[in-house]
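Welcome! Please take a moment to look over the sequence and the model, and then read on for a short tour.

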Amino acid sequence: MSATVATPKREKPGRGGTVLRGVVLIAGALVFLFPFYYMVIGSLQRTPDSSVTGAFPNIANLTLDNYEAINSRIGLLTGLVNSGIFTGGVILGTVVFGMLAGYTLSVLQWRGRGVTFALALLVQVVPFQLLMIPLYVLIARDYGLADTHLGMILPFLINSTAVIIFRQYFLQVPKELFDAARIDGASELRVLWNVAIPLVRPALLTVILITFIGPWNEFLWPFLITKDASLQPLAVSLANYISSVAASAANPSGAVLAGAVVLAAPAVALFIVFQRYFTSTDIGSGVKG
Amino acid sequence: MTATTPAAPPGAVPRKADRRGTASPGGGRRKRKLLGENPLGLLFSAPYLVFIILVFAYPLVFAVWMSFQDYFFAAPGAVVDRPFAGLDNYARVLQDPAVWRAFGNVGIFLIINVPLTVILSLLLASALNRAVHARAFFRVAYYVPYVTASVAIVGVWLFLFSGNGLVNNVLGPLAPDPSWLINSQLAMPSIALFVTWKQLGFYILLYLAALQNVPKELYESASTDGAGPVRSFFSVTIPSVRPATVLVLLLSTVTGANLFTEPYLLTGGGGPNGASTSPVLLMYQRGIEQGNPDVAAAIGVILVVLVMIIAFIQRKLAGGDES
Amino acid sequence: MQRRMTAAAIAAAGLLALTGCTSGGGGGGNTANAERGDITIWYSNNEAEIAWGEQMIEAWNADNPDEQITAQEIPAGSSSEEVIGAAITAGNAPCLIFNTSPAAVPQFEKQGGLVSLSSFEGGDDYITERSGELAEQYASADGSYFQMPWKSNPVVIFYNKAMFAEAGLDPEAPALSTYDEFLETSRTLTEAGVAPFAINPAPTSEFFQSWFDFYPLYAAETGGELLVEDGAATFDSDAGAAVADFWATMYSEGLSGQEQYPGDSFVDGESAMAIAGPWAINYYGEDVDWGVVPVPTSQGISPEETYTFSDAKNIGLYSACENQATAWDVLQFATSEEQDGQLLELTGQMPIRQDLTGTYPDYFEANPAYEIFGDQAERTVEVPNVANSVEIWQTFRDGYSSAVIFGDDDVPAFLSDAASSIDDLVAQG
C-alpha cells in the first residue's frame, strides 16, 4: 500500500494496489470458504478423521453413505417444501410490509414515526429467549395457530432488521429524486414503485438474502409450534436426525456434517443464482430518468 | 394509543370535515398536527405496527411485568400463588457474581467484536466493490459461513482451535497453554473472533449495498483533486457510507449482546468456569432450564437497558444519520 | 430516542392491560379425570425407541378401536425439556411422554403440568409392584408418584479391549476396581500411547454432565446415597472427597481431557475407556470391541454390591390430557411384562422392574454382554426428587468444573461451599 501512497497523483490505483486488493480478497475467501470445504470433506468420510491430514481428501476414506443415511431416514422433499413455505412466507411478508414500513420511516413525515422506529430498534435489542415461552403461549393458545404454517411464520413475518435496513438505504437516496416525482404528480405509491424501489435494488437483494437465512436455519420455533412431521421444515428434521443419528450411522460426525451440507446447499445455490442481480444501480442515471 | 383519538375537544365535527377533505384550513391544520405531514405513512406502516403489537409487544410487556413478580410458568387452570415481588428479582440478580461475570464477558466480547467487524467488513466490501475479476466468486465465498448452520461451523472451529487442532499445530511452541477454548483468558476472545468470522458476510453485504449507491462522480472529482486511493477511501468512501456504518455498529452491538449459541455450543455451556457465560446463556439456564423465568426476565430487562444506553452513545458518537 | 422509547413502552403497557393475564382460575391439575377416548403420546426420536413405540401403539390400537393412540417424536437431548415446559404452559401437552427426565419432574409438578398417578385407583400399588424398592426414589416429597419409573441405563465403565491388549494389559480382566488400580491402568494406557486419554467424560458445564462423572462413582462409594437426602446435601463427606479427588487426579495428570471433543471420543479412538449406560452400545456398534466393568470405588467393593447412577427416563401423564383414564390404561399396557420385554429386546435399555434378570432369562442368556446392566439395574441411584433440582445440579457442576476439572479451587472448599448453597436451594423449594 505504501507504493500507492507514495504516488498520490496517479489517477487510477497502481498495480501495487490492485495486487494488494487481490491478495486481501483471496486470503479472505480462503478463510471464509474453509468451513464449507471442511464440512463437505467431513461429510464424505467413511470414518471420522479429526487430525490435520483429515482436512484433505483421502480416496480410501470417501463414501456417500452419510448422505444415503439421511435420505433413508427423513423426507427430504417434504422438508424442503415446508422450508420453502416457511421461508417464502417470511420473505414475502418482509419485502412487502417491511419495505413499506422502511419507506415511510425514512421518506414520509407522520406522527408516530419516531415511536415506530424505536419499536423496530427495541425488537433488535430484546433476546428471543426472553420472549419464547410467552410468545409460544400467545400463538398456540390465544391465536390457536399450533400445528399450522401460519403459526410458524407469524413471529418472523416482518424482519425488523430488514425494516431498519430499508430505512437506512432510503435515507441514502437524495430527497430531490422523490420531490421531482411528486411535482410530476405521482402518487406516493407510484413514487415508491417507480422511483424508490429501483434505486434501492441492492438493498432489496441484501434484505432477501439476510432474511432468508433466519427461517431457513431456525430450528427451535418451528419445532415448538408443530410436532407434526409432515409440517416440519428441513432444519427441524435435520436437527432431529442429528440428535438421534449416532445410533444408526457408522460415522456420527460425518452424518452431522452431511446434514449441515444438505441444509446449507440450497442457501448457497440460491445465493449463486441471485448474486448476479446484485449489481450496482447508478444513482446518476436515476437523476436523469 | 392516544395519538389516534382526536385531540381537539369538539371531536365529531372536525373529523367529519377531515374525512370529506374539504379545504377548511382549521381542519387541515388539526389533521396535520394529529397525523403528521403525511398521514399515508401511518397507513403504509400499519401492517408492521400491527405485527409488532400482536407478536412482540405483548410478550415483552409480559416479561417486564414478570420481572417484578415471584413468577413461574404454570399449566392453564393450575392454581398457583405468584405474589408481587417488587425489586426482589433485581436484587437477587445484582447480588449474583455469575451475572456480573456474564456482563463483563459480553463487554470483552463487544470490545473485540464490534471494531473488528466494522473495520474488516468495510475493508473487504470496498475491496470487493472495486474488484474486476471473480466478483461473483468472492461474494459467494464471503457469504458461506453466514449461511452455514452453527452446529456444523462449531465442529469446524473446534477442529481448528482445540488443543491439538490446526491452529496450535501451526503455532507450535507459541500455542497457548491451556488451549484457546479452555483458557479462561482466551475463551471469550476466541468466541469473539468466531462470531466476527461467521457474521462478517452479513455486514459485507450491507456495506456492498451502500457502496454501490455512492455516486461515482465523487470518486472522479476526488481523483481530479489529486487524491490517491487511500485518501479517497477516507475522504469519500467512509463519509458516504456513514448511515451503513451506523447500522453495522448498531446491529453488531445488538447481536453481540444477545450472544447465546456460541458459548452454548462452542465452550460447552459457558466454560471454562463461566469465563464465557453470556447474559442470554444465563437467562436460558435460569429461566428455561431451572424454571425461574422471573429472574431471567430481570436479567433480560437489565441487558436491554444497557444495550439501549450503548446504542444511544454510539449514535451520538457516529453522528446520527438523519441530519 | 429515550422519549420515544418511553412512548413505546407506555403504548405497550396499555396493551397488556387490554389482553391481561390469561392464566389463573379453574381447578387444580393434579387429580385425574375418568374420561376415555383417543390420546396423543410423545416418544424419543432415536431409532430403537421409535421401533418399540410403533409396535406398542400398533398392538394397543388393534385392540382398542375407540381409544386410538397417535404418536409424535421429540428430541432426546436437553431441548426436550424446553419443549415439554412450553407445552405445559400453553396447555397443549400430550397425554403421555415416554421421555420424561426425573430431574425435570419436580419443576413440571410445580407448574401443575403432571397428573398424580397415585390418584388413580391402585396407582401406587401398580408402581411399587412393578419396580419394587427402586420405585421409592421416584416418589415426590408428599409420597405420591408424578412419574412412572420406566427404564434405566445403569452407568458403567466401557473399555476398548484392543487398546488394553496393545498397552500390555489383560483385556479380559482389567484392573479397574479401586481408584489406585484405575489410575495405574490409566497411566499405563496413556504412556503406551494407545489413545490420547484414558477416559474422557464431557468436561463441559451443562447441569447434567455430573451424572456421567461424579455421581455414578459417588453412588458406588456411598453404597447408594443420593446427592441430597432428607433436605440436605450429602456429599461434603469423606466419600464425596474421595470421588472428587480421584477425578481431580485424572484431570491434573492429563488422563482425562479438559476440552470437549466434537464426537464420541471412545468410538473415535481418542480414549481407551468410556463411562456410559447400555444405550451407548448402539453408538459403539462394530467399530469397537468393548468390555464392561462396574464403576470403581476407593476400596474396590465387589460388583454385586456396587451401586451406580440410573440415567432413567420415565413416563409422565400430563394434566392437559383429556382422556386420562385411557392414558392410564395405556401407561399400564406399555409397562406390562410383555412390553417391557419388547423394550429390552428392541432398545437394550433396562425396564425399571424387580428381578429383571429373573423375569427375562432368555434375553440375558442370548445377550450375555447385557447381563451386567441387568444386574446393575437393581442397584441404581436416581437424581434426588426435590424442588430446584436443575439449579442444584448446575450449582454443583459449576463448582466441580472449577475445582476438579480445571483445578482452580481446592476440593474441600468446593464440597463445603456447594453443599451449603445446595442446602439453601433445597430449603427454598
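Predicted model: local features only at pLDDT ≥ 70, side-chain atom pairs only at ≥ 80, totals over all residues.

**A sheet in chain C**

Let us begin with chain C, where six strands make up an open sheet with mixed pairing. Read across the sheet, the order is β2-β1-β3-β12-β4-β13. The edges belong to β2 (69-74) and β13 (350-351) of chain C; each has a single partner strand, so one side of each is left without a neighbour in the sheet.

In general, the strands of a sheet pair through backbone hydrogen bonds, which may be parallel or antiparallel.

Which helix lies across β1, β2 and β3 of chain C? That is helix α2 (residues 47-63) of chain C, which runs at about 170° to β2(C). Here β1 covers 39-44 and β3 covers 96-100.

**Domains in chains B and C**

Chain B is divided into domain 1 (2-86) and domain 2 (89-318). Their contact brings together 10 residues of domain 1 of chain B and nine residues of domain 2 of chain B.

In chain C, the domain assignment gives domain 1 as 39-146 + 313-351 and domain 2 as 156-310 + 385-428. The centres of these two domains of chain C, taken over C-alpha atoms, are 29 Å apart. To their contact, domain 1 of chain C gives 15 residues and domain 2 of chain C gives 11 residues. Helix α4 (residues 105-110) of chain C gives the most to the domain 1 side, with four residues.

**Where chain A touches chain B**

How many residues of chain A are in contact with chain B? There are 85, and they meet 88 residues of chain B. On the chain A side, helix α2 (residues 15-43) of chain A provides the largest share, 12 residues.

| Domain 1 of chain B, touching domain 2 of chain B | seven residues | two residues | one residue |

Notes
Residues numbered from 1 in each chain as written. Chains lettered and ligands numbered in written order. Pairing = 2+ DSSP bridges. Helix = DSSP H or I, 4+ residues; strand = E, 2+ residues; numbered from the N terminus. Contact = placed C-beta atoms within 7 Å. Axes fitted to C-alpha atoms, helices over the stretch in contact; angles between N-to-C directions. Domains from an automatic or database assignment. Nonpolar A, V, L, I, M, F, W, Y, C, P; charged D, E, K, R; others polar.
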